[in-house]
Amino acid sequence: MWPFAKRGSRFDGDADEHFPSDINPRDFKDNKATIKLWLPGKILAGVDIIGQRHHAGRPDVLRAILFEHVYGRAELVHLDIRERRRQSKLTARLPDVRFMLREPDTYDTARAATAGLIGKAEHDFKLELPTRLRHELVELAESADQAVSEYIRGVLVRQILGEALYQRWMQALEAVE
């Protein structure tokens, strides 16, 4: 949550009554589907920072980001609460780690814009995830008229590197087309 929060939650009650979850946790317990991704180093660096903060590996960070993208943050929190209750243990918090991205230059080609803004997609990554989540991602990618790996790369840029960088990337791509 917000690192500069001045007070805790003012909500007193059962959140499930106000926002019941439609997600069946059993649908997401096993990672039987696979998506092959080529990810830029900046995205993997961001995934590593998030993973360090939450004491999680790269696949778990990516699954959480994609789950949140498809189903929303509230459903991810519901899923997390249910799993924590089931496991009856809390994950220790680690100190914040911050990094800074350089401002991009002007680019002549779409490939140069992508490489300059988000980095060259040079890291091969095989992500195992629940079948239902993969199916939803494939449908979203098809509706956006994109390959699933291209669609996921866009989601990761937005979620890890931020909307501002994503918008600069899209503007740079439009400028060279």
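**Close-up views of the predicted model**

**Figure 1. Phe67 counts as buried, with a relative accessibility of 4%.** Buried stands for under 20% relative accessible area, exposed for over 50%, and partly exposed for values in between (1.4 Å probe, protein chains only). The model is predicted, so local features need pLDDT of at least 70 and side-chain atom pairs pLDDT 80 or more, while totals for chains, interfaces and linings use all residues. Residues are numbered from 1 along each chain as its sequence is written, and side-chain values use heavy atoms, without hydrogens and water. The structure holds four aromatic pairs (ring centres of Phe, Tyr or the six-membered ring of Trp within 6.5 Å; stacked under 30 degrees between planes, edge-to-face over 60, the rest tilted). In the pair of Phe67 and Tyr71, the ring centres lie 4.8 Å apart and the planes meet at 45°, so this pair is tilted. Phe28, Phe67 and Tyr71 together form one aromatic cluster. Tyr71 is also buried, at 17% relative accessibility. Phe67 and Tyr71 are four residues apart in helix H3, about one helical turn; helices (H or I, at least four residues) and strands (E, at least two) are DSSP runs numbered from the N terminus.

**Figure 2. The rings of Tyr166 and Trp169 form an edge-to-face pair.** Their centres are 6.0 Å apart and their planes stand at 80°. Both residues belong to helix H8, where three residues, about one turn, separate them. Tyr166 and Trp169 are both buried.

**Figure 3. Helix H8 covers residues 163-176.** From the first C-alpha to the last, the 14 residues of H8 reach 20 Å, close to the 20 Å expected at 1.5 Å a residue (1.5 Å times one less than the number of residues). Its buried residues are Leu165, Tyr166, Trp169, Ala172 and Leu173. Seen down the helix axis, these buried residues fall within an arc of 125°, so they line one face of H8; the arc is taken from the directions from the axis to the C-beta atoms. On the face turned away from the buried side, H8 carries the exposed residues Ala164, Glu174 and Ala175.

**Figure 4. Asp124 forms a salt bridge with Lys36.** The closest N and O atoms of the two residues are 3.0 Å apart. Asp124 belongs to strand E2 (residues 121-129) and Lys36 to strand E1 (residues 33-40), so the bridge ties together parts that are 88 residues apart in sequence. Asp124 is partly exposed, at 40% relative accessibility. By the rule for a salt bridge (a side-chain nitrogen of Lys or Arg within 4 Å of a carboxyl oxygen of Asp or Glu), the count comes to six.

**Figure 5. Two further salt bridges join Arg58 to Asp48 and Arg73 to Glu68.** The closest N and O atoms of Arg58 and Asp48 are 2.7 Å apart. This pair links helix H3 (residues 58-71), which holds Arg58, with helix H2 (residues 41-54), which holds Asp48, 10 residues apart. Arg58 has a relative accessible area of 31% and Asp48 one of 35%; Arg58 is partly exposed, and Asp48 likewise counts as partly exposed. For Arg73 and Glu68, the closest N and O atoms are 2.9 Å apart. Arg73 is partly exposed at 47%, whereas Glu68 is buried at 18%.

**Figure 6. Over residues 89-104, pLDDT stays under 50.** The pLDDT is the predictor's confidence in each residue, from 0 to 100. For residues 89-104, the model has 24 contacts beyond four places in sequence (heavy atoms within 4.5 Å). Where pLDDT is low, the predicted coordinates should not be read in detail. The chain has a mean pLDDT of 79, with 81% of its residues at 70 or more. Helix H6 (residues 131-143) has the highest confidence, at 94, and helix H5 (residues 110-117) the lowest, at a mean of 69.
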